[in-house]
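Dear colleague,

I am passing on the structure below, followed by an account of what I found when going through it. Please read the account with the coordinates open beside you.

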Amino acid sequence: MLTNPVLFSLFCSRVGGLTKHDLLIIAKLEPNTLPPRRPPGRPSSMPSHTSAAAKALHEEQQKSLNVTKNFVAPVKKLTIAEEVGKKLKRMQDKSPADFLDICLREFDVAVSLQTSAMRDEFDEALNDLTSRANSMERNLSSLMSWKQQTCEAKVKQALQQRDDERQEKLNLANWMSQFTPSSEANKDVDEVDFAFIRFALNMAVACDICPVQKQLDAGAPAFLASMLRVKSDSVVGPASMALAHLSLHTETKAAIAAAGGITACVDLVNTNPNAPIVAQCCKTLASVAMWPANKPLMAGKGAIKALVRAIQVSSLTP
Amino acid sequence: MFAQSVGPDNLRIDDDALGSAFCGLCNCAEGNDANRNLIVELDVMKSVEYICENWTDPYVLASAAKLIANLAYSNVYTAMMCLSAHCEEALNMSIRKGGGDKNPDVQEAAMMAFANLSNNESNQTHVGASGAIELAVQVSPAARRSHTCVNIIGGGVNKGQRCLPHIVRVTDTH
């Protein structure tokens, strides 16, 4: 059997997957340090002749090292199959039955070592995979939380924007409903009046958005002040409101006074029957009066007298 | 329940217009002695006193109190005219009904008016007799934090006040 090349080649092919590292482990393996798991149906003890063979091999290597002391050749890594093959070659003189037994034991050890090594590699790969999966899970959870926060912020922003727009529409509706003409006023609103109404409302909205200097350069105070002299209350109302909004800016107070805004407002406070228009004109006068240079002008144009008259009229007992 | 608008012309002058008119007079009187005298000479004080006693709108009451404060600031004549129109009693009334913890603006403005009205010993006696000191120590914490209480108790004087008109912008959310 020892000299049977078919059996030998079969054995070598079965243990051909082992590495040199495994082979060295076989060489230094002691019976007490065998791997815990073994293939079923095989003895778990290590054959004693294996360690003896390893010792012999080690001694042989030591001798060869002593001989070639001055020259250190590169160590070739042997596979388990090669190592076992070498070992079996040295035991060719055994009887066929013994040799077969040795072959089987060596085969069992080699397979056990290879299995153990593969299990270790598999465990290591599994641990690596688990850690990667955990890391990916953490990344995914953080990504999901970030996405959720972003979505919540966007929803909040959208709701806020919706509320703002709704309030803006409500303010516009209130503005429009405030300036419905009274019974004495002219109810006929033609296309030109409607254009002026839209213009005045747009100016009221734009006073916070458009730069003040741009509005001054465009002559907005003078135009709005001139709109206060229109006979239709439907036009005068939005114009007075736009002028009141415009007068909130410090730069426009002097311009409104210079454009005749004080006089127009005084006339409306004295004569206009529409309460919202009177209120907007009072607001314009109050805002314009904050400019120090306008204070004497207010007295001269009759604004103080008109405001006092409004207070006196409202406090008269019926 | 006090009426908010009792005059025959109440369809033309509502509370918003009335408060804004007070604001306008307040700003005209701020820093201008001639305008203070003109406003007082136009005999507005009786109307102010009547409105302070009968109106409940906080904007109107606060604006009227600021007008009194500005009229009485650094001017003995206008302060005396205000006191002769019983404005200190009207301020007391406005604090009691329109002030309270809900409207600290009214309290603060009225305390400023008291402080400015008390610009000489005679006026201080007058204001003290109207119960202003008692009100000053009873006002809400919002007004007690202000310097006006210290001024009225210590006889100090506030500067002229500017009154911003209530203008609802289109971008206002409230």
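**The two chains**

Of the 174 residues in chain B, 57% are buried. This is a predicted model, and what follows should be read with that in mind. Chain A has 318 residues, of which 32% count as buried, and it contains 14 helices and 0 strands. In chain A, 77% of the contacts with a separation of 6 or more are between residues 24 or more positions apart.

**Helix α14 of chain A**

Helix α14 of chain A covers residues 303–314, and its 12 residues reach 17 Å from the first C-alpha to the last, close to the 16 Å expected at 1.5 Å a residue. Because 10 of its 12 residues are buried, α14(A) is largely enclosed by the rest of the structure. The buried residues include Ile304(A), Leu307(A), Val308(A) and Ile311(A), and among them are also Arg309(A), Gln312(A) and Ser314(A). The cover over the buried residues of α14(A) comes from both chains, and it includes α11 (261–271), α12 (275–288) and α13 (294–300) of chain A as well as α1 (15–29), α2 (33–41) and α3 (45–54) of chain B.

**Two helix pairs in chain A**

Helix α4 (residues 80–90) of chain A packs with helix α5 (residues 96–178) of chain A at an angle of about 160°, their axes lying 11 Å apart. An angle over 145 degrees counts as roughly antiparallel, which means that α4(A) is roughly antiparallel to α5(A). The crossing of α4(A) and α5(A) is right-handed. On the α4(A) side the contact is made by Ile80(A), Val84(A), Lys87(A) and Leu88(A), which meet Cys103(A), Glu106(A), Ala110(A), Leu113(A) and Gln114(A) of α5(A). By class, the residues of the contact of α4(A) with α5(A) are 6 nonpolar, 1 polar and 2 charged.

In the second pair, helix α9 (residues 233–246) of chain A and α12(A) pack at an angle of about 25°, with 9 Å between their axes. That angle makes α9(A) roughly parallel to α12(A), and the crossing of α9(A) with α12(A) is left-handed. Among the residues that make the contact are Val236(A), Gly237(A), Ser240(A) and Ala244(A) of α9(A), together with Ile277(A), Gln280(A), Cys281(A) and Thr284(A) of α12(A). The contact of α9(A) with α12(A) has 7 nonpolar, 5 polar and 2 charged residues. Helix α12 of chain A, as noted above, is also one of the elements that cover the buried residues of α14(A).

**Helices α4 and α1 of chain B**

Helix α4 of chain B (residues 58–72) has 15 residues, which at 1.5 Å a residue should span 21 Å, and the distance of 21 Å between its end C-alpha atoms agrees with this. Since 15 of the 15 residues of α4(B) are buried, α4(B) is largely enclosed by the rest of the structure. Ser20(B) lies in helix α1 of chain B, and Ser20(B) counts as buried because 33 other C-beta atoms are found within 10 Å. Ser20(B) and Ala64(B) are separated by 44 residues in sequence, yet their C-alpha atoms are 9.9 Å apart in space.

**Two positive phi values in chain B**

Ser74(B), which follows α4(B), sits in the loop between α4 and α5 (76–84) of chain B, and its phi is positive, near 60°. Ser74(B) counts as partly exposed, because it has 15 C-beta neighbours inside 10 Å. His86(B), in the loop between α5 and α6 (87–99) of chain B, likewise has a positive phi of about 60° although it is not a glycine. With 17 other C-beta atoms within 10 Å, His86(B) is also partly exposed.

With best regards

Technical notes. Residues numbered from 1 in each chain as written. Chains lettered and ligands numbered in written order. Predicted model: local features only at pLDDT ≥ 70, side-chain atom pairs only at ≥ 80, totals over all residues. Helix = DSSP H or I, 4+ residues; strand = E, 2+ residues; numbered from the N terminus. Expected span 1.5 Å × (residues − 1). Buried ≥ 20, exposed ≤ 12 C-beta atoms within 10 Å, placed from the backbone. Contact = placed C-beta atoms within 7 Å. Axes fitted to C-alpha atoms, helices over the stretch in contact; angles between N-to-C directions. Parallel < 35°, antiparallel > 145°, perpendicular 65-115°, else oblique. Left-handed = near helix turned anticlockwise from the far one by under 90°. Nonpolar A, V, L, I, M, F, W, Y, C, P; charged D, E, K, R; others polar.
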